[in-house]
Amino acid sequence: MKLVYIDESGTFCDQLTEEELLINRRKSSHFILSALIVDLDNWEKLLVRFKNLRADMRRNYGIKKSHELHAHELISGSGIWRHLQYIH
């Protein structure tokens, strides 16, 4: 058996102008759909690894386990990542 987690980001609307995107940041010019598929036999091991990762993020960067992780914040150095120096 498999466990599947599906998540989406952005909105699908290819008719937005640059001005509309700047005014309403909840709309985007991209829509991303991703999935994580895990064998049920591996779920508990993966969950432990993920919890360890989040504990490391808390310990090393002060990012609470309850915070959602957003790639756009990581890349732009905003949100919970604003205090970190991003090296290209």
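**Surface, salt bridges and a helix in a predicted model**

Modeller: To start with the surface, the protein exposes about 8,000 Å², of which carbon and sulfur atoms supply 55%, with accessible areas coming from the Shrake-Rupley method with a 1.4 Å probe and, for residues, only the protein chains shown counting as cover. This is a predicted model, in which local features need pLDDT of at least 70 and side-chain atom pairs count only at pLDDT 80 or more, while totals for chains, interfaces and linings use all residues. Residues are numbered from 1 along each chain as its sequence is written, and side-chain values use heavy atoms, leaving out hydrogens and water.

Colleague: In what order do the elements run from the N terminus on?

Modeller: The order is β-α-β-α-α, which gives three helices and two strands; helices (H or I, at least four residues) and strands (E, at least two) are DSSP runs, numbered from the N terminus.

Colleague: And how many salt bridges does the count come to?

Modeller: The count comes to two, where a salt bridge is a side-chain nitrogen of Lys or Arg within 4 Å of a carboxyl oxygen of Asp or Glu. One of them joins the side chains of Lys 2 and Asp 39, at 2.4 Å from N to O. That pair links distant parts of the chain, since Lys 2 lies in strand β1 (residues 2–10) and Asp 39 in strand β2, 37 residues apart.

Colleague: Which side chains meet in the one at 2.2 Å?

Modeller: Those are the side chains of Asp 56 and Arg 59, which are three residues apart in helix α2 and therefore separated by about one helical turn. Asp 56 is partly exposed, with a relative accessible area of 31%, whereas Arg 59 is exposed, at 59%; buried means under 20% relative accessible area, exposed over 50%, and partly exposed in between (1.4 Å probe, protein chains only).

Colleague: How far does α2 reach from its first C-alpha to its last?

Modeller: With 19 residues, α2 reaches 26 Å, close to the 27 Å expected at 1.5 Å a residue, the expected span being 1.5 Å times one less than the number of residues. Just after α2, Gly 62 takes a positive phi of about 75°.

Colleague: Changing topic, where is Leu 40 found, and is Leu 40 buried or partly exposed?

Modeller: Leu 40 sits in the loop between β2 (31–39) and α2 (43–61), and Leu 40 is partly exposed, with a relative accessible area of 40%.
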